[in-house]
Amino acid sequence: MIALALLVSGLAGQPADSPVSWSFGATLWEDGSVSVEMTAHIQKGWHLYATELPSDQGPLPTVFRIQADDAYEVLGGVQSPSPVEAYDPNFAMVVRYHSGAPVFQVRLMPGSREPFTVSGDVEFMVCDDRTCLPPVRVPFKVVVDPNGMPSQE
């Protein structure tokens, strides 16, 4: 599939001193579905944990919550890039994590061509090689307007 265009993106309330900031956007696909993209911008030396971890005895995984709405149907779970799997000295165990600017996506099928808003939040914890910060929850909203998108010829 080929993405047709980037839709309206949004930023959410985030702690100003956090080593992670988030941006949110959406892409309309030729089959009419919409991919909501949630991008973490992680400062060098820090990492956030993957959505699935090998054990619940260590760090908290990154969790995305998409609010249910009659305007769209969620098609499956959140897709994430392949995480790094490595030993974490903070937890004395092997964990999975992301650094840099990983992009997480969830696919939606709009119920109509009317504009709609996708609301949700991401909860994550971030660590460097010496310390971890408490988990943070960042709410977001992405406005999607399928009518404002160019059609593919």
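Biologist: Which residue is the bridge partner of serine 119 in strand 12?

Modeller: In general, strands of a sheet pair through backbone hydrogen bonds, either parallel or antiparallel. Here, lysine 141 in strand 12 is the bridge partner of serine 119. Strands are DSSP runs of E with at least two residues, numbered from the N terminus, and two strands pair if DSSP finds at least two bridges between them. Strand 10 and strand 12 run antiparallel and are joined by nine bridges. This is a predicted model, in which local features need pLDDT of at least 70, side-chain atom pairs count only at pLDDT 80 or more, and totals for chains, interfaces and linings use all residues. Residues are numbered from 1 along each chain as its sequence is written, and side-chain values use heavy atoms, with hydrogens and water left out.

Biologist: In what order do the three strands of the open sheet lie?

Modeller: The order is 5-10-12, with antiparallel pairing. Strand 5 (63–66) and strand 12 (136–144) are the edge strands, each pairing on one side only.

Biologist: Is aspartate 121 buried or exposed?

Modeller: Buried means under 20% relative accessible area, exposed over 50%, and partly exposed in between, with a 1.4 Å probe and protein chains only. Aspartate 121, which lies in strand 10 (residues 116–124), is buried, as its relative accessible area is 13%.

Methods: Helix = DSSP H or I, 4+ residues; strand = E, 2+ residues; numbered from the N terminus.
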